[in-house]
Amino acid sequence: MVKIAPSLLAADFSCLAEEVRKVEEAGAAWLHFDVMDGHFVPNLTMGPQVVQSLRKKSRLFFDVHLMIENPEHFLEAFANAGADLLTVSAEACTHLHRVVQTIHQLGIKAGVALNPATPLSCLEYLLDEVDLILLMSVNPGFGGQKFIPSTLAKLRQLKEMVGNRQIEIEVDGGINSDTAPLVLEAGATVLVAGTAVFAQEDTVQAIKLLQTEKKMV
Ligand code: DX5
Ligand code: ZN
């Protein structure tokens with residue numbers, strides 16, 4: 001079944017532990033941390049301390065999405081804080097292959113994210129090295145943006161490139177009950193959702209809606 005990764009960015013920061021408990025009980029499999037540095041993206045969010053504090057409160061798989069320049073400087077800190085997977089932005093890494101290797105040497109999984117305008121070809125020689133590929137379906141920096149439709153064609157192509165390799169295909173940005181069935185159909189295996197989970201009254205229902213492959217009419 002598809003994995004839902006609620007993005008903490010849309011949670012109430014005054015009670016993060018409570019927000020995490022809510023999505024864990026509601027059936028989320030992963031928890032998505034959006035780390036932003038004010039350079040790679042025009043926004044600032046959280047650092048390893050937040051990951052470390054929540055690690056003590058949750059058994060969810062911690063999916064840490066680094067939207068930062070020079071991510072190599074922070075890999076160890078996030079791994080020590082309790083990340084299960086670190087995803088770096090391809091556009092922020094001159095030595096992407098080395099960064100992926102370093103993440104694996106830290107004993108955790110490695111992902112690579114691509115911005116909407118970045119072609120899939122930059123992954124060609126990395127396919128046997130990565131555990132996850134994240135396609136951004138909005139321009140990174142903010143929650144609550146509208147899904148970019150060209151992501152669907154990109155996803156289909158990626159699914160073909162991946163073939164039968166054990167690589168998770170994650171989609172991030174503008175995922176809701178309308179777009180979730182489309183990206184699932186196109187090959188996504190992990191859906192990140194901020195607004196569509198944390199801004200809803202009924203968390204259980206919100207997660208269930210995103211797991212539905214076909215919209216019921
Ligand atoms: C955007 C982040 C996303 C974002 C998703 O830069 O990477 O994870 O929080 O938020 P929604 O689901 O609200 O589009
Ligand atoms: Zn994200």
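**Pockets and salt bridges**

Q: Which residues line the second largest pocket?
A: Lys 3, Trp 30, Phe 61, Leu 85, Lys 109, Asp 131, Leu 132, Arg 165, Gln 166, Ile 167 and Glu 168 form the lining of the second largest pocket. The model is predicted, with local features needing pLDDT of at least 70, side-chain atom pairs pLDDT 80 or more, and totals for chains, interfaces and linings using all residues. Residues are numbered from 1 along each chain as its sequence is written, chains are lettered from A and ligands numbered from 1 in the order written, and side-chain values use heavy atoms without hydrogens or water.

Q: What makes a residue part of the lining of the second largest pocket?
A: Each lining residue has an atom within 4 Å of a point of the pocket (an open set of points on a 1 Å grid over the protein atoms alone, where a 1.4 Å probe fits, with protein on both sides within 12 Å along at least five of seven lines). The second largest pocket holds about 150 Å³, and its lining divides into five nonpolar, one polar and five charged residues.

Q: What is known of the largest pocket?
A: The volume of the largest pocket is about 350 Å³. Among its 28 lining residues, Gly 143, Gly 144, Gly 173, Gly 174 and Gly 194 are the closest to the centre. Strand E2 (30-36), strand E3 (61-67), strand E8 (190-193) and helix H7 (195-198) each give two or more residues to this lining. By class, the lining has 13 nonpolar, twelve polar and three charged residues.

Q: Why is the contact of Glu 18 and Arg 21 called a salt bridge?
A: The N to O distance between the side chains of Glu 18 and Arg 21 is 2.8 Å. A salt bridge needs a side-chain nitrogen of Lys or Arg within 4 Å of a carboxyl oxygen of Asp or Glu, so the pair qualifies. Both residues lie in helix H1 (residues 16-25), three residues apart.

Q: What makes the salt bridge of Arg 55 and Asp 84 a tie between separate parts?
A: The side chains of Arg 55 and Asp 84 meet at 3.1 Å, N to O. Arg 55 is in helix H2 (residues 48-55) and Asp 84 in the loop between H3 and strand E4 (85-89), so the pair ties together parts 29 residues apart in sequence.

Notes: Grid points are joined across faces, edges and corners, and a volume is the space filled by probe spheres set on the points. Helices (H or I, at least four residues) and strands (E, at least two) are DSSP runs, numbered from the N terminus. Ala, Val, Leu, Ile, Met, Phe, Trp, Tyr, Cys and Pro count as nonpolar, Asp, Glu, Lys and Arg as charged, and the others, Gly among them, as polar.
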